[in-house]
Amino acid sequence: MKTTVEIADSLLEAARREAVRARTTVRALIELGLRRVLEERKKSQPFRLRRVTFQGQGLQPPLRDGDWEAVRQRAYEGRGT
């Protein structure tokens, strides 16, 4: 399948030099790189945020029934914003 991608000039030039050195094509280098990245990502575990609690009672009473803007203002209180 044909496709068009934009590659930085310097990267393409380096790929061309490497292709000549390795007696292959830029296409083969691109395919090899994509295969390696896809395989690496397939092996890696998805990110999972660990569960953290502070054993509290939830939000403080003034914020419990407030909206997100009230929570945000409280979080940035005294920080110049």
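Analyst: The confidence of the predictor in each residue is expressed as pLDDT, on a scale from 0 to 100. This model is predicted, and its chain averages a pLDDT of 88, with 99% of the residues scoring at least 70. Among the elements, helix α1 (residues 9–22) has the highest mean pLDDT, 97, whereas helix α3 (residues 61–64) has the lowest, 78. Where pLDDT is low, predicted coordinates should not be read in detail.

Thr25 lies in the loop that links α1 to α2 (26–43). Is Thr25 buried, exposed or partly exposed? Buried means under 20% relative accessible area and exposed means over 50%. Thr25 counts as partly exposed because its relative accessibility is 43%. In space, the C-alpha atom of Thr25 is 8.7 Å from that of Ala15, and the two residues are 10 apart in sequence.

The chain contains 4 helices and 0 strands, and its pattern along the sequence reads α-α-α-α. Its radius of gyration is 26 Å, while a compact globule of 81 residues would have one near 12 Å. Along the principal axes, the C-alpha atoms fill a box of roughly 70 × 30 × 25 Å.

Of the 81 residues in the chain, 5% are buried. The chain exposes about 8700 Å², and carbon and sulfur atoms supply 52% of that area. The chain also carries 18 positive and 11 negative charges, whose mean positions are 8 Å apart.

How values were computed. Residues numbered from 1 in each chain as written. Predicted model: local features only at pLDDT ≥ 70, side-chain atom pairs only at ≥ 80, totals over all residues. Heavy atoms only, no water. Helix = DSSP H or I, 4+ residues; strand = E, 2+ residues; numbered from the N terminus. Buried < 20%, exposed > 50% of the residue type's maximum accessible area, 1.4 Å probe, protein only. Rg over C-alpha atoms; globule rule 2.2 N^0.38 Å. Areas by Shrake-Rupley, 256 points an atom, 1.4 Å probe, with all protein chains shown as cover. Lys, Arg positive; Asp, Glu negative; His and termini not counted. Charge placed at Lys NZ, Arg CZ, Asp CG, Glu CD.
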